[in-house]
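Look over the sequence and the model first.

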Amino acid sequence: MKASVFCICALACISFISTESVKIKLQRALSPTNDTAETCAIEIDITRDEFFRESDIINEVYLKSGMEERKRKNGCFVECILKRLGMMEGNEIKEGKIQEEITKHMTEDPMEARIHKVAHDCIQEAKNITHECEKGFAMMVCVAKATHHLFGHEEHQQSPI
């Protein structure tokens with residue numbers, strides 16, 4: 001199950017980050033325990049094959065017809081993780097808690113300010129979404145795209161499907 005948990009808190013999309021030290025710090029800050037991830041995966045009934053990969057997000061595979069259930073499961077998984085980490089209550093994402101965890105694990109890292117901005121911008125983008133699973137999915141997509149761009153991977157954005 002560890003390998004399938006590529007997205008946590010939408011900031012779980014940190015696996016897209018190419019700078020290894022930043023990636024490790026973010027994973028420590030925002031990743032759930034394996035038990036939490038497994039519990040959420042079981043609760044949501046999501047399989048390894050149903051998780052969207054980075055390329056699926058960047059190439060917007062999720063917009064294709066027939067992806068609704070897969071999107072729902074990915075979003076509900078992110079929502080479950082956020083709630084279990086105390087980063088979401090009801091349909092409200094607790095920005096302060098997320099920013100606190102980023103600060104705790106990225107102090108003095110040159111990327112800290114940029115990561116805080118990504119988190120803030122994505123939380124603001126998802127702010128008015130009232131359905132928790134949809135909010136989780138929106139966070140996942142926003143963070144994936146923002147971190148992909150932030151770390152200079154524009155060369156394979158929006159490739160033809």
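Buried means under 20% relative accessible area, exposed means over 50%, and partly exposed lies in between (1.4 Å probe, protein chains only). Helices (H or I, at least four residues) are DSSP runs, numbered from the N terminus. This is a predicted model, in which local features need pLDDT of at least 70, side-chain atom pairs count only at pLDDT 80 or more, and totals for chains, interfaces and linings use all residues. Residues are numbered from 1 along each chain as its sequence is written, and side-chain values use heavy atoms, with hydrogens and water left out.

**Helix α5**

Start with α5, which has 12 residues, 95-106. The expected span of a helix is 1.5 Å times one less than its number of residues. For α5 that gives 16 Å, and the end C-alpha atoms are 16 Å apart, so the two agree.

Which residues of α5 are buried? They are E95, I98, Q99, E101, I102 and M106. These residues cover an arc of only 160 degrees around the axis, which puts them on the same side of α5. The arc is that of the directions from the helix axis to the C-beta atoms. An α-helix has 3.6 residues a turn, so residues three or four places apart point the same way. On the other side of α5, G96 and K104 are exposed. Just after α5 comes E108, with a positive phi of about 70 degrees.

**Disulfides**

A disulfide is a pair of cysteine sulfur atoms within 2.5 Å. The structure holds three of them.

| Pair | S to S | S-S torsion | Handedness |
|---|---|---|---|
| C40 and C80 | 2.0 Å | about -80 degrees | left-handed |
| C76 and C133 | 1.8 Å | 105 degrees | right-handed |
| C122 and C142 | 2.1 Å | about -80 degrees | left-handed |

Take the disulfide of C40 and C80. It links distant parts of the chain: C40 is in helix α2 (residues 34-44) and C80 in helix α4 (residues 68-84), 40 residues apart. Both C40 and C80 are buried.

Next, a disulfide joins C76 to C133. C76 sits in α4 and C133 in helix α7 (residues 132-150), distant parts of the chain that are 57 residues apart. C76 has a relative accessible area of 5%, so C76 is buried. C133 counts as buried too, at 11% relative accessibility.

Another disulfide joins C122 to C142. C122 lies in helix α6 (residues 112-126) and C142 in α7, so the pair ties together parts 20 residues apart in sequence. C122 and C142 are buried.

What pattern do the disulfides of the chain follow? With bonded cysteines counted along the chain, the pattern is 1-3, 2-5, 4-6.

Methods: Helix = DSSP H or I, 4+ residues; strand = E, 2+ residues; numbered from the N terminus.
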